[in-house]
Each structure stands twice: as C-alpha cells, then as structure tokens.
Amino acid sequence: MDLRDAAQQLYAVLPREFTAQRTALARQAKESGDKDLAKEIGSLPKPAAGAWAINMLAVHQPEVIDGVVRFGASLRAAQEEGEAEAFRELGQQRQGQLTSAVHAAKDLASGLGAPLSAAGAADVEQTLRAAMADAGAAAAVTTGRLVRALSGSGFESVDLTDAVAAATPDEMSGAGEPPKVKLSAEPRPARPSKKKQEPQPKEKAPAETPTSLAERRAQKRQAALEEAREEFEAADQEAREAEDAASTAWNVVKEVAGRRSDVEAEITEVKKRLASLEAELIGITRDAEAAESQKKLAVRAATQARRTADQARRRVERLA
C-alpha cells in the first residue's frame, strides 16, 4: 500500500467514517514498518461536503463525471477552434448539464445517508463548472480524491493547490495551463456597423477590404464568434442572477425550516409537560377522593363521639 492507494480507500468512505478509517490505515502502515507513510496518511485532510459528493460520483457513478468532462472538452474545443455555432449551442446546454449532474450528486449523497446542504450542492455545481472550463480541474474531479471545491469559469486557470489528496504529476498534467481562448480577457475588435461609414482613403482600401474568399470567410467567422460570445455572456449573467436568486430561496427555506423545527421541538416539550401535569392531576384527584372519604369517616366518628359524650353528661346531671 502506498499513499495514493490509502487515499483512494479513504476518500471513498462516508464523512462520519473518515476519521476512524484514516486512523486504521495509518495504524496498518505503522504496523507494516512504514512510519513515514503512516504519518502522511494521518495528515490527509477530511474532504469538504461538496468535494466528498463529487468523489462519490467518481466512485459510484463515473458516467456522470465522464459526461461533465467530455462536455467541457467539447466546449473548450469550440472556443479554441473558433466554432461559433457549436460554441453557442454548447453554451446554451451547459447549465442543463450542470443541473443534471448536481441532482445526481444530491440523490447519491442522500442515498448513502449523508444528504447535501444547499451550500454543499452549490460547491458541487461550482466545481463541475470549473471542470468544464479547465483541463486540470477536469482531471482533478475524476480522481475520486478531491479535498475542496474548485472555482473557475474559463477566464483563467483553476487553482488546484492542495485540491487533490496524494496527487501525481500524471493525474494533474492539465493543471496550470490557461485556456487558449479567453472570452473576455482582451478588448474586442469593433464589429462592422450597419450605419453609414465615412469613406476611407483609397490608398488604405487594399489593406482593409477583404480581397479573397478566405479573408471574407475569416471575417464572417470572426463576426459570428463575437456574436456568440455576446450571447454567451448575456446568458451566463442571466444564469448567475438566477443562481443567486435560487441561493437566496434556499436560504429562506433553510431559515423557515429552522424556525419550524424550533417550534415543533417546543410543542413536543409542551406536550410532554402537559402529559406530566395530566398524570400528576390524576394522582391529585385520587388523593382528593381518598381525603374526602377519610374526612367523612372522621366527621362520622366525631359525631358519634360527641353523642356519647352528651349522653354521659346528661346521666351525670340526673345523678347529681
């Protein structure tokens, strides 16, 4: 067993089992005489909830991770090769792909007995979005040993520092390479305007007017790509706003659920107290009935005793 093998086992367990499993693996390494490995295993960090859910997909439903990685590769290829139509279509499909993958992660986590919170689900989506945008991030999510959430949108390379436990250079070969095409990283060339343009000096015409079919096609392709970029940015902004609204709604639901839980707990306590008081009342009622019976007996005895005393007094008076 090496560190990578140990990590592969460790990051496949449930969160509540992580610490015990890490201790067991470290002990196993130590008993086999490898104290350095035992120390390395003992220092492996517990994964965040979102990272754990992605690891579970990699272990139990690898086809979901594979679908995200393949989709991201197609999206990046369309960017790099300037395929405007393909890029536009994939950009429109991206959120649907992410939503489907996040639902798969949530369902799997619930099925394993460790449901994801709203924050954990948001980390899953953020990480898978980064995997679509960056080859290194895509490699990271396939390892099954992700430690933390990733963040990236395609404008710059994703920071993978300490993101994967026991990572090897071969696994992370895509790390640190920025995307070849950055959607908004550089100022855009002005698009041809449909308004009347001022006449250009004749001596500049040969340099600015396409003189071949290839140049005209390149110009048309560039214009289509710019249009696709604008549509993507608008759709991406709209998606972000919708995600923010969804996050707010999640928080409201969580807050209301918390208040409801508190009230239900209070009702439960009140019911318990009421049941206790009702039981106490029954006991008091029985005591009252018993006391009433004792009182009647005592009154009857006192009356009889007084009658006897009166009779004795009258006899004394007659004899005097």
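In which hand, left or right, does H7 cross H8? In this predicted model, H7 passes H8 in a left-handed crossing. The two helices pack with their axes 5 Å apart and at an angle of about 130°. Angles over 145 degrees count as roughly antiparallel and those of 65 to 115 as roughly perpendicular, with the rest oblique; H7 and H8 are therefore oblique to each other.

The residues that meet at this contact are Thr127, Ala130, Ala131 and Ala133 from H7, and Ala135, Ala137, Ala138 and Val141 from H8. Sorted by class, seven of the residues in the contact of H7 with H8 are nonpolar and one is polar, while none is charged.

Val141 also belongs to the largest nonpolar core, which has 45 residues. Val141 is listed there among the residues with the most contacts inside the core, together with Ile65, Val124, Leu128, Leu146 and Leu150. At least two core residues come from each of helices H4 (49–60), H5 (62–80), H6 (84–111), H7 (118–133), H8 (135–142) and H10 (213–319). H6 gives the largest share, ten residues.

In soluble globular proteins, nonpolar side chains tend to be buried together.

Note on methods
Residues are numbered from 1 along each chain as its sequence is written. This is a predicted model: local features need pLDDT of at least 70, side-chain atom pairs count only at pLDDT 80 or more; totals for chains, interfaces and linings use all residues. Side-chain values use heavy atoms; hydrogens and water are left out. A nonpolar core is a set of buried Ala, Val, Leu, Ile, Met, Phe, Trp, Tyr and Cys residues joined through side-chain atoms within 4.5 Å. Buried means under 20% relative accessible area, exposed over 50%, partly exposed in between (1.4 Å probe, protein chains only). Helices (H or I, at least four residues) and strands (E, at least two) are DSSP runs, numbered from the N terminus. Axes are lines fitted to C-alpha atoms, for helices over the stretch in contact, and angles run from 0 to 180 degrees between N-to-C directions. Angles under 35 degrees count as roughly parallel, over 145 as roughly antiparallel, 65 to 115 as roughly perpendicular and the rest as oblique. A crossing is left-handed if the near helix is turned anticlockwise from the far one by less than a right angle, and right-handed if clockwise. Contact means heavy atoms within 4.5 Å. Ala, Val, Leu, Ile, Met, Phe, Trp, Tyr, Cys and Pro count as nonpolar, Asp, Glu, Lys and Arg as charged, and the others, Gly among them, as polar.
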